[in-house]
Amino acid sequence: MNTTNIREKFSTLRIENRPFINGVHVKPANGRMLEKTCPADGTIIPSIYICDREDVEQAVRHAAKAFQLGHWSQKSSAEKKVILFELARLLEEEIATLAYLDTLETGRPFGNFQKDSIPKAIGALRWFTESIDKLYEHYISNARSSLSFITHEPLGVVGIITPWNDPLVIALWKITPALLMGNSVIVKPAEQSSFSTLRLAALAKQAGIPDGVLNVLTGPGEETGKAIALHPEIRGIFFTGSSEVGKLMLGYSGQSNMKKVALECGGKSAFIVSEKCDQLKTAAQTLAKNMFYNQGQICSAPSRLFVQSSVREAFLDELARELEAYVPSNPFEPSTKVGAIVSEEQYTRIQHFIRLGVDSGLNAISPGLRHEQSDGNGYYIAPTVFTDVPEQSPLATEEIFGPILVTTEFETMPEAIQLANSSKYGLAASIWSASLDEALTCAKALEAGIVHVNSYGEDDMSVPFGGIKESGLGKDKSLFAFDEYSNLKTTWIKLRTDEKQ
């Protein structure tokens, strides 16, 4: 199937752009809309509605009523599993449609969504669903005459705000455990990528999730997201996005009702190559893949390379050879590995950093854009590596969220650790060394929520994902995620004793 065939196949697809509240798609009374274009070629695509405080109020009212009625919150784990497994089946039937919707909005390759991202999202849904009846509460025998139970209780109505770079994966990382713990959920997908989440909500109703339990509101974060985060009846806010907005979420919690907050925010992850690394080619391939496969638009992208001086030239030579594979092209071509930048705004931001590097006299390694890949109105930027970047340069300190890698050489491993830890972020890191002592010593010293040894980007639902410092707080994935969407309750029981005994 070529580009034309992909577009032709979905040419008659009716794209739902209305918010989903209490089991139906509705048009907000204000009628305001946000115009949208496809980042791959600039063509106009359906606008989305801008939900305001009245829409949030309506969604919260229905979500709270659904929670109080208990049609979902009081279901057994077995009953929830039947419904969510059915949702997984329905999603699987629509993988190609969901991939098309996400490509249309984000510019990420259709093939990547179809073969990797959407199946991974469905896998997350199934993993959490299968796990729910494997969770056990705690019983403590405190003394001969008393005991206590520690149980997980649902929060009530929760808000989930998701990003555009991997829409359904991150949505289902959060929605699934939130639902399984018995909460009613209000989701606000990024305004750049709302279509697939709206489709998810409709399929959830078809699978059997009661009205009001899963709602989707569309609109910009500064209006719709803020209204959700400030609402006094929403008991938890779960956000993935920039650190700047994450800080706002913490403030909104304090301004409203001290709602529970979990944040997965920005990153400037370190990739350290020691002179003791005996697999430079593999390290270069791993770095290039994880840095550039989505135009660098990944929060955990290893965007800072620290390479020991004695292997610097050899490693950069290997890395330069890998860049050609990540030159972007039309995301609707089935063979495309790397697609477009998500929006003109993001494109302009990335270009600003490239100009900064060039104007600063930094040496750049980049395969450049071929003419046919820069034709048209799409947003495409070739992978770019700046070498010997000063520690205090904005290129080295700011999360660019684009295909720009900065490199610095070091002499000793303590120096590399100091450089890696100097960032305000702490999401992920990697150390490449054939010395187990060196690798583990470095891994222990690195300030990051996830550390890879001779690897990067390993992914498994059984392992938690999340950072420290300004990369956020709380965890996605794994059994630990269930703790985020619940409150711990302690119940004491005093036993009556027979004093004659």
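Helix 4 is mostly covered, with 12 of its 12 residues buried; buried means under 20% relative accessible area, exposed over 50% and partly exposed in between (1.4 Å probe, protein chains only). Among these buried residues are Ile95, Tyr100 and Thr106. Helices (H or I, at least four residues) and strands (E, at least two) are DSSP runs, numbered from the N terminus.

This is a predicted model, in which local features need pLDDT of at least 70 and side-chain atom pairs count only at pLDDT 80 or more, while totals for chains, interfaces and linings use all residues. Residues are numbered from 1 along each chain as its sequence is written, and side-chain values use heavy atoms, with hydrogens and water left out.

The structure holds 12 aromatic pairs. Rings of Phe, Tyr and Trp (its six-membered ring) pair if their centres lie within 6.5 Å; planes under 30 degrees apart count as stacked, over 60 as edge-to-face and the rest as tilted. Two of the pairs are listed below.

| Pair | Centre to centre | Angle between planes | Type |
|---|---|---|---|
| Trp173 and Phe465 | 5.5 Å | 50 degrees | tilted |
| Phe271 and Tyr456 | 6.1 Å | 45 degrees | tilted |

Trp173 belongs to helix 6 and Phe465 to the loop between strand 19 (450-453) and strand 20 (468-469), so their pair ties together parts 292 residues apart in sequence. Trp173 is buried at 9% relative accessibility, and Phe465 is buried at 13%. Phe271 lies in strand 12 (residues 270-273) and Tyr456 in the loop between strand 19 and strand 20, so this pair joins parts 185 residues apart in sequence. Both Phe271 and Tyr456 are buried.
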